[in-house]
Amino acid sequence: MVRLARNLIRISFLVVILLLTATYGMASVQKQADPWLDPVVTKGEFDSTSWIEANTPPTAHFEADIFGGELIMGMTTRIPIVGGDWSNALNPIANMNASQQIYQTPSAIEAYTLCKQYNLTYVFVPLNRLVFCGFGWISINATKFDNSEYFKLQYSNEDVRIYQVA
Amino acid sequence: MRMFESIKWLNIAKTRERFASLDAVTVLRYAVIVALFVLFVSYRLNVLGGYVIPTYGNTMYHVGIERLTLETGHYPTQELSYNGGFPNFYVPAYRLLIVSQSAFSGIDPMVMSGLMTIALAIAVFGVMYAFSKQLVGASAAACALLFLTLSPGMTIFTIRALPELLGLVMFPLTLFFILKNRTEGHFQFNGYVALSVIAAAVTALTHQITLLVLALVLAVYALTQIKNRNEFLKAIVPLVALIAVYGLWQVYSLHTLSILGIAQVKYHEGTPVDFFASAFSVGFFDEAGLLVLPFTAIGLVWLERNKVDKRFLLYSWLIASLLLTKNDLLGIDIFMDRFLTFFIEALIIVGGIGAFAVLQFLDARIGRAVERNPET
């Protein structure tokens, strides 16, 4: 009888602890960890990688931000201007600056010149999110890419446009 | 015949007998472990919930190298990152693990990275249980699992497809083999030493940050055991293996032993760890979780009061990982937030021991009260 009473107390105590863990505890963990589950890149960007794989040469170099670049790298092994491991890169800060400037500048010729300088053959333009090239989240000045003298639209869906550098 | 002998535990009658002989505390402990395991795994299933695995932490970059390895049949010596064309600095063990599973199963490396994230997270759960059980006992280990399940920092690093996740398995596994090696007297190169050497070598090829933590923990532990030649060598032998394997890899990949030229050192990559989070720092209380801290203090007192054998291994883990977490105070200023994860891992184990001590105390009190008043 004594043993049963003692075990009942033990069971009740552990049930309370587990219930608190499952409710309050896990809610607190979720609050902290959920943002890290964010894919950042959109569904359309992900879908576009099938087109990249099928329609660009394996050695193609892309203007992209870090998240877009790593998506392209991961799904197609194409080479982005930023993203991945910077430990041994020749001048990663210059790459970040160039990538950000290509997205931000209103000038098509400036973006084109930077693309040529960094040997970039394609430009990956996310339409529905901010981009991160290493210095903070920024919005893209996308209209310059419609200047067909410098950039040729090759692929588009609701989330992304991909241009070939002329 | 021997093989069948080794799986005797599958004998149904014996299994039934074993279950029937379990005492109430053991049954409750198993129930708690199963419940925590379900909670732990169910949250990690979110990794496979989207069209792409979680991308924070360069996860898709690793997938790129894995895909290239699968396509070409060899580990690339040149990078795809930052416009490519320079030697690959990263150690290959984690990536080759994903590649081997992908090649074996035919599953795309991106999906396989998600699956392996869940598998490795489960391995973290298992190895932390094994380490705590080996140090103090199964009940303390079950308590540690509670803190692991509730740890924001450990959750954040067990939901992403990163080499550090394999590091969070390999590092305590190496320490577990040292802990498990209970031979007294003269140093013997036995199976546990061999396993600690292999685990250290795999750690060296898994993740450079984990390597630094393991190297410092082993060095601190060796220092604490300087008068005990046997225990000293149990730490030094895997430490030498760790450094030698990594050195060879870096000479092969970068043709130099120096790491002073890499961007992480040059640009001081990493976020400082403060008590509370801010725009410029990671919050220690946010990452560790407040609940574990008082129990960590109790756990430390309990370990010292009971003079637990090999407790200095855990103390070394705490001291080394704390030193690395606050390396900005030493002017080094690299990856403080990443080192914090290993400090939290140690806090969880000590916290589990503290919670076990509290439960033991309460249980004894309740037992006495129930015995004194059986009719209530």
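**Strand pairing and chain contact**

A: In strand 7 of chain A, A:Tyr122 has A:Gln164 as its bridge partner. This is a predicted model; local features need pLDDT of at least 70, side-chain atom pairs count only at pLDDT 80 or more, and totals for chains, interfaces and linings use all residues. Residues are numbered from 1 along each chain as its sequence is written, and chains are lettered from A and ligands numbered from 1 in the order in which they are written.

Q: How many bridges join strand 3 to strand 7 of chain A?

A: 5, and strand 3 (residues 122-126) runs antiparallel to strand 7. Strands (E, at least two residues) and helices (H or I, at least four) are DSSP runs, numbered from the N terminus. Two strands pair if DSSP finds at least two bridges between them.

Q: And what about strand 6 of chain A?

A: Strand 6 (residues 151-156) also pairs with strand 7, antiparallel, over 5 bridges. The two form a hairpin with 3 residues between them. A:Ser156 stands opposite A:Arg161 of strand 7.

Q: Why is strand 7 of chain A largely enclosed?

A: Because 5 of its 6 residues (160-165) are buried, meaning 20 or more other C-beta atoms, placed from the backbone, lie within 10 Å of a residue's own.

Q: Switching topic. How many residues does the contact take from chains A and B?

A: 47 from chain A and 50 from chain B. Contact means C-beta atoms, placed from the backbone, within 7 Å.

Q: Which helix of chain A gives the largest share of its side?

A: Helix 1, with 16 residues.

Note on methods
Two residues are in contact if their C-beta atoms, placed from the backbone, lie within 7 Å. A residue is buried if 20 or more other C-beta atoms lie within 10 Å of its own, exposed if 12 or fewer, and partly exposed in between; C-beta atoms are placed from the backbone.
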